[in-house]
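These notebook entries record what I looked up in the structure shown below.

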Amino acid sequence: MALSGQVARCLRHGVLQQSKHAGLRIPRRAFTSQTARCTNYEKSSKALRPHARSFAQSTRCAASQADVAPNAKAYIESGAIAGAQNLVDVKKVLVIGSGGLSIGQAGEFDYSGSQALKALKEAGVASVLINPNIATIQTAHVLADEVYYLPVTPEYVTYVIEREKPDGVFLSFGGQTALNLGVKMDEMGIWERYGVKVLGTSIQTLKTSEDRDLFIQALNEINIPVAQSLAVGTVDEALKAAEDIGYPIIVRAAYALGGLGSGFAENAEELRNLSAQSLTLSSQILVEKSLKGWKEAEYEVVRDASDNCITVCNMENFDPLGVHTGDSIVVSPSQTLSDEEYHMLRTAAIKIVRHLGVVGECNVQYALQPDGLDYRVIEVNARLSRSSALASKATGYPLAYTAAKIGLGHTLPELPNAVTRTTTANFEPSLDYIVTKIPRWDLSKFQNVNRNIGSAMKSVGEVMAIGRTFEESFQKAIRQVDPKYHGLQGDYFEDLDEVLKNPTDRRWLAVGQAMLHEGYTVDRVHELSRIDKWFLYKIQNIVDCTRELQDIGSLFGVKKELMMTAKKLGFSDKQIAIAVNSSEDEVRARRKHFGVKPFVKKIDTLAAEFPADTNYLYTTYNATTHDVEFDDHGIVVLGSGVYRIGSSVEFDWCAVNATLSLKALGKKTAMINVRPRPDPSTVFNILTSQSYNPETYSTDFDVADRLYFEELSYERVMDIYELESATGVVVSVGGQLPQNIALRLQETGKAKVLGTDPKDIDKAEDRHKFSQILDSIGVDQPAWKELTSYSEAQKFANEVEYPVLVRPSYVLSGAAMTVIRSEEELEEKLTAASNVSPDHPVVITKFIEGAQEIDVDAVAAGGKLLVHAVSEHIENAGVHSGDASLVLPPASLPERTIERVKEIAEKVAKAWSITGPFNMQIIAADDPNGGEILLKVIECNLRASRSFPFVSKVLGTNFIDIATRALVDKEVPQPVDLMKVERDYLAVKVPQFSWTRLAGADPYLGVEMSSTGEIACFGKNLVEAYWTAMQSTMNFRLPQPGEGLLFGGDTAQSDLTKIVDYLHPLGYKLYAANQEVQKHLEGHSKDGSVKVEVIEFPKQDKRALREVFEKYDIRGVFNLAKRRASSMVDEDYVMRRNAVDFGVPLFMEPKTAVLFSQCMSEKLPKKSGIPSEVRRWSEFIGGKPL
C-alpha cells in the first residue's frame, strides 16, 4: 500500500539508523498501519493491479540487484515498531474443531485449526482441542497439548471446560460448526460463567455477520449496498416478502454453511417448497432479490485489534452469480476487474471489516454488475473459510496462523510473515502467476440426485493449479480434478444450450463441447452462460491450438515453436498425442529432444521484486529460468490429490506423516499434491511432495523441504523426478492415484519406487492375478470367475446362486461394484461395469449375505509382518468399508479368529513381498457344515488405507512412521503384536454423510461408498464409544423421551422389534406409515404392551408430509429396508429422503440402528455429573506416543 513519500522516507531512515544491516531497504508497500490511515486504502497500488498480466516488469525488478530483500526480523528487531504491547493474558486455550468432513466443510478447517494450534505452541500457551475427526493432522499431540474426541456440542464442550478450566477459546478455526457453537454457548451464558475469553473476533461481531437483519443494518450505517432482502421466520412471511421485493428471488438460511438451505425461486409455488425446507435447517431465512448473472468476487481481509487492516487476496468466479462459490471455478487474482472496480471493492472491504470490528481474518463476497460500477455485498464470513485456505496457498500468506496470532493480541506490523520470512505480516502480497480452483463433485455415485448446481454447495473437494497464464493454470486444474481428463475437452449432452444456461457439475465440459466440437462462438457461449468473455477468449486460444495440432495430424509435423506454444497453453503430452494421433511417450521424447522442459518457480508473494524464501513450488513453461537449485536429491512423496468420496484427509495424514518421518531419518523430501486445503506446514520435508489440494495440511509451508502444487500424472511426476535427480519415489501413502501410475514410473520412467515392487502391486490390483496367488498360498476367498461374455456370467451366477457381486479391477471406494440379485439385473449392470475400466476384464464373485467384515491394516518389511491392527465392522458385509462403523480393538471377535487373521496377513505379506503399508478386507461367515468360522479375503490394497490414522491413534503406534522406515530400510523396528495388548478402552469410527446436500439421493448403504468423512470416539465399552460417536455426526439431534419415532422397512427380520423393545420403556411415541409395520411391531414385541399408531403418509406432497412430521413431533426415523428403492414414490425411499431433508436423525442400517437404540436405553435419561466418556485421548491410550 503506498504511503505518502515523506512517511516512507522517515520510516526507512529510522530503520537504517537502527538496523545492523546497512543495506536493508523496506519496500514502501509493506506498511498499512495507523500512521497512514488517511491514504492506505484510497490510493491505487500498482503492485496489486489485477490487469498487469505482463511479467516483464517483475522480471526487470528481479534482475536489478539494487533492491535488497526486506528483512522482517531485522525490521522488528530495529525497534521501528514497539513489540507486542497488549498480549491477551491466557494460559490455556480451547480450540473448537469442525468435526467430520462434509460437503461445505472439509479439510480447510483441518488446515486452519492446525495453524491456530501451531501459533499457540509458539506462544507457550497450552492448547486443548475438541474434535472427533480422527483422520486429521490436528488431532494429534504433535500440535495440540490435549485432544478430546467428543461431539462438538454445548453439552460436551461444557464438560471439557469443567475438566480443563481453560481461560480462552478460539471459535473461528472450526468452520460454521465452531462459530454456531460459540454463539449458542454465549447465549447460554457459559463463556461468562466459566470465565472463558473469546479470542479474536467478538461474539457480537459473529452474530452481526451471521444474522441477516443485523448485517444489513450494519452495512446501511456505512452506506454499503446490500441485496434488497427481508428476514422471515415462517413460510407465509416469506411469500409476503417476495411479493414486496419481486421475483426472481433467492432464499438463504442464517447460520448455515456452504449455502445449505438456500436456492432460487421464480414463483410462489417454488418459494413455498424452498422456504419450508430451509426453515427446518434454520430458524431464520432471508428472502432477497436475485442478482443471478452478475459477476462474483471475493476479498480476504485481515485486521488486528489496533485497526491495522490489509486485503491479502482477491478472487473472481469464472461462473456468474447463481453458483455457490464452493461449486464455482475461481481464479486469483481477479482477471476481468478494472483498476477502478478492484479498488472500489477493496476500499469497501476494509470499511466493512473495520465497521464490524473483526479481529483476525474475514472474507467479503460481492456481486458486481457486469457492465457498470454497481455492486452488492452478498455476505461476510467473520471466520476462516474454505477460500481462506485457498488464499493462503495461492499467496503464500499464512492467514490462519496470522489470525491466531492476532487473537492472542499481536498486531500486524510486529509479526513476520512465516512463509516468505522477508516481510512483516502487515503486507499485501502481489502475484506474478495465476491460480485456478476447480471443484470436484461425485454426484454420479448417487441415484436420483439432482445434478444442477446453484446456491447450495454440492462439491466434495477442490483442486488448485498454478500457472503463468489462465490457459496453463485452467488446463492443469482440469487434469487434477480427475486423471481421465486430458485438458479442455467436451462430452455428449442431450441439450447443450440448456446445460450452458442452467449449470450442472459438468458445466465446463459443456463449454468445451460447445467451443471445441460444436463451433459455438465466444458471443454465443457468453449469451447462454453469462461467463465473462475474457475467460471465453482464453478458452478460444486453447481451441485454436488444438485445431492447429489436429490439422497437422502427425507428430513429425509438429515443430519446436508449436510444441512450445501448446505447452505454454497448458497442454499435456497426452493431449498433444491425441490431437496428432501419436502416443504420450513419443510426444515426451520429441519434446525433450527439442529441449522443451518445464521450469520450477516459487510461489512468490513479492511478484519477483525481491528474492522470496519459500518452498511452495509449481512448474510452468512460461518462464526461462528455475527459481531453485536441484542439489538435494531427495525423495519424492506423492500425495493423494483432490478430496473425493473414498479418498480424503486420511491420506493427507499419511503423506504428512511419511514426510515428517523421512525428515526425522535425515532424508530430504519433495511432496507433490493438488489440494488448496492442505496445510503446507507438513509437506516439504522429503525432497519433493506432490499435491494440488489447497485444503490439506500436506500442502503447508513447513512440512516438506519442497512442496509442489502439481498434477499427480505420470508426465509431471517424471518431470519433477528428473529435475530433482531424486533418489526414490513413495507411492504407497497417497491413496489410489499414485498406485495407478506406479508401474509406469518404474518400467517406462525408470524411477526408483520405494517399497513394494509395482509389479507386485499390479498382482494385487488385477483381480485375476490376485485370486490365483491366494489359491496358491491356501488362503480362502469367495467363489469367483473372470468375465468376458454375458452368457458365461449367467451360467456362473446360476451355479453359485444369487446374489453375486460384480467388480472391475483398479477401483477406489467401490466404483461400479454392484450386488446383483436376479438375472435381469445382471444383464443391465454388466454393461456399466465394463465401461468403468475397458482395459481390465470384470470379475464376478459369490456374495455372502449376513457375513461379518473384518479390516486389517498392516505394515511389512521384505515380506515380513511388522505391525497389524484388526478392526471389526458393526454392519454386515455388503456395506462399503468406508461407510461402515469400525470397532478397535474388536468387541465381539473371538481370540482365535484374531490369531487366524494375523496368519493370513503373514502369508499375504510374504506372497507379495510387501515392504510398506497394506490393508485387507476379510469376511467371517458361518461354516454350513458346522466347522470353524470361514475367513475369506475379499480385497487387498498394497498401500496405506483410509483407516491408517484411526488404527494409529487408537493403538498409540504410528503405522506410517514404521512403514516409512521400512520403505527406506532405516531403523526398522522389530515385529510386535499390538492385538495381544490388553486395553481397557475401545474406539468406534463412524461415517459422516452429506445426504442433506445431495437433493434426491437415496440415503441407503451399499457396496458403493457414499460418506464424505468420518468421526471416532473412545469409551470403556462399545455402548459408550458408539453413543458419543453418533452424536458427533453433523447436526445430529438426539430424540428425547416423549417425542415421536417413525418406523418402516422390512418386517421379515427381527431388527425393528429389537429397537422397539429398547425404546418403548423410555416413553417415546411410536408411529408407522402402514398397518403391516404396525402389526409386526405390536405382535412381536417382548411384553406385548407396545402400541404403534398408523399415521397418514403423503408420498408425493412434501409440504403435507412436513406437516405430518410436525403434527406428530417426529424426531427420529428407523427405516430398515431390504434393498434400495426402485422408484421415487417408494414409501421407504420417501421416508428416508424426507427424514434427511427435515433434519431428523435417520437410522437405515439394521445393526447400527439396534446398537444405537441399545445406547439410548442405557444412557437415557441422562445422569448428572460429567459422563465417563469425557476423557482426554492421552488418558485413554496412556500417554502421548504420537
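Entry 1, cysteines. I looked up C940 and found a relative accessibility of 5%, so C940 counts as buried, the cut-off being under 20%. I then took C1159, which has a relative accessible area of 0% and is therefore buried. I note that the model is a predicted one.

Entry 2, disulfides. I recalled that a disulfide is a covalent bond between the sulfur atoms of two cysteines. I searched for pairs of cysteine sulfur atoms within 2.5 Å, and the count came to zero disulfides.

I recorded 40 helices and 39 strands for the protein chain. Of its 1186 residues, 66% are buried. For the accessible surface I noted about 40,200 Å², with carbon and sulfur atoms contributing 48% of that area. I also examined the contacts with a separation of 6 or more: residues 24 or more positions apart account for 71% of them.

Where does I478 lie? I located I478 in helix 16, which covers residues 470-481. Is I478 buried or exposed? I read a relative accessibility of 0%, so I478 counts as buried. Leaving out residues up to four places away in sequence, I listed the residues that I478 touches: I438, Y485, G487, L488 and W508. Finally, I checked I478 against A465, 13 residues away along the chain, and found their C-alpha atoms separated by 8.7 Å.

Methods
Residues numbered from 1 in each chain as written. Predicted model: local features only at pLDDT ≥ 70, side-chain atom pairs only at ≥ 80, totals over all residues. Heavy atoms only, no water. Helix = DSSP H or I, 4+ residues; strand = E, 2+ residues; numbered from the N terminus. Buried < 20%, exposed > 50% of the residue type's maximum accessible area, 1.4 Å probe, protein only. Contact = heavy atoms within 4.5 Å. Areas by Shrake-Rupley, 256 points an atom, 1.4 Å probe, with all protein chains shown as cover.
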